[in-house]
Amino acid sequence: RGRKHLNLSETSSAAPRAGSFSLPRRPPLYKRKASSMLLAVLLLLFCPALSAACSSDMDCSLNGVCTAGNCTCDAPWKGERCHTLDILPGDVGINGIPLATYHGDSVYSTSWGGSVLQDPADGKFYMWAASMAHNCTMGEWQTNSEVVLASATFPMGPYEKVKTVVLPWAHNPQAIRAPDNTTTSGHVYALYTLGDGYDYRGQPKVCNSSESRAPPPPRPPGPPMPWPPTTQSCPQTPPYNWPDGHWDKCMLNGAINFTIFFSETPGGDYQRHTAQIIDWPAHSRGRPWEYGAYGNWNPSPVVHPNGTVYLLAHTEQFGFKHGEAILAADTWRGPYRLVASDSDNRWGGSTANAEDPFLWIDKRGNWHQLVEGNPMPGGHAFSTDGITWSDMAGCNGAYALEGCFNLTRQYVASN
């Protein structure tokens, strides 16, 4: 008695009468949906971390773990999907220019790459790097590249040259410390390279006036390059089939050889070992798979925790900077066999515009590779088993603008 009744279905734009009250009106359903969509768009624009929520470690580029929808990155990776290497600038050297950890014999030296291992015997860090002989630049890499050994007390250097390990021509060295039951220590340092120390592309040049203009003494040329046969039966099953029928399926499968340099200690005398690859496919018509002393195959070795030696090689089977394969051997001496290739549809990811790979297996057993690429500066791919791979994310795929290397300033040579 005397109570006022509120009818929630009534709506009125008139001001409430004195002594009464009203609730705000709800907008029509279509307007409520539009508002929800606008809110979602604003969240995506201004909260990128929410839009990049992970559902598995694959969403974290296998460089971290997915926890409660967010990536927790391993050092030295960063980014919402752990896709960018957090690289520090080099130490400042001559004229305020950041220097590499190895600068060669003099300010006129040019070097490329560097594979670093710590020797447990003396605790030093050793680097195998490609150096351009006779003060030449990268413009003469195909004739003047040789492999030098340098050492340092700290991993960041500076590294001082110890000696030349492989004379021209040899390039892109990568070394592993591999088990070997024939040595006193039970290990050897095995060195994988492009080239094997023979002059396949001509005599080394002399490029700096501080040296004698007399050419270096002639050295014996390498053996002639193999010539692929013109006809061969064609296997039709992976990993030897070509995708989408764009390439000639007639291929040659045979054993080929390549050279590995090895020494029981980093600074010891290096010997040659001829290793064999079983069933390395090559076109009998068209472009052969690259390998060994003849090819731009950039071998990258890694010792698996189970002792198996794996080798990631650049094949160029689909053209320049296109094609990769993984080999395996029970020991570093071989023989090696083909276990995965991007001509096998299980590979999955793109290897376009990628070369100079570096292969490693992380603490969780996941596989990774960094590559030099085009567009520069390179890319990162990852795999749980070494057979099925992601695209080259970071530079050739997603996040192309940010890249997988956070380079902040360009290196300028002091000369």
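**Disulfides in a predicted model**

Let me begin with one link, the disulfide that joins C73 to C82, with the two sulfurs 2.2 Å apart, where a disulfide is taken to be a pair of cysteine sulfur atoms within 2.5 Å. Residues are numbered from 1 along each chain as its sequence is written, and side-chain values use heavy atoms, with hydrogens and water left out.

Staying with C73 and C82, the angle about the S-S bond is -90°, and the link is left-handed.

In general terms, a disulfide is a covalent bond between the sulfur atoms of two cysteines. How many disulfides does the structure hold? There are four, and if we number the bonded cysteines of the chain in sequence order, the pairing reads 1-3, 2-4, 5-6, 7-8.

Let me turn to C60 and C71, which form a disulfide with their sulfur atoms 2.1 Å apart. This pair links distant parts of the chain, with C60 in the loop between α2 (48-51) and β1 (64-67) and C71 in strand β2 (residues 70-73), eleven residues apart. Helices (H or I, at least four residues) and strands (E, at least two) are DSSP runs, numbered from the N terminus. The link of C60 and C71 is left-handed, with -90° about the S-S bond. C60 is buried, with a relative accessible area of 0%, and C71 is buried as well, with a value of 18%.

The last pair I would like to show is C136 and C207, a disulfide whose sulfur atoms lie 1.7 Å apart. Where in the chain do C136 and C207 sit? C136 is in the loop between β6 (125-132) and α3 (141-144), whereas C207 is in the loop between β10 (187-194) and β11 (251-263), so that the pair, 71 residues apart, links distant parts of the chain. With 80° about the S-S bond, the link of C136 and C207 is right-handed. Of these two cysteines, C136 is buried at 0% relative accessibility, and C207 is partly exposed, with a relative accessible area of 29%.

Key:
This is a predicted model: local features need pLDDT of at least 70, side-chain atom pairs count only at pLDDT 80 or more; totals for chains, interfaces and linings use all residues. Buried means under 20% relative accessible area, exposed over 50%, partly exposed in between (1.4 Å probe, protein chains only).
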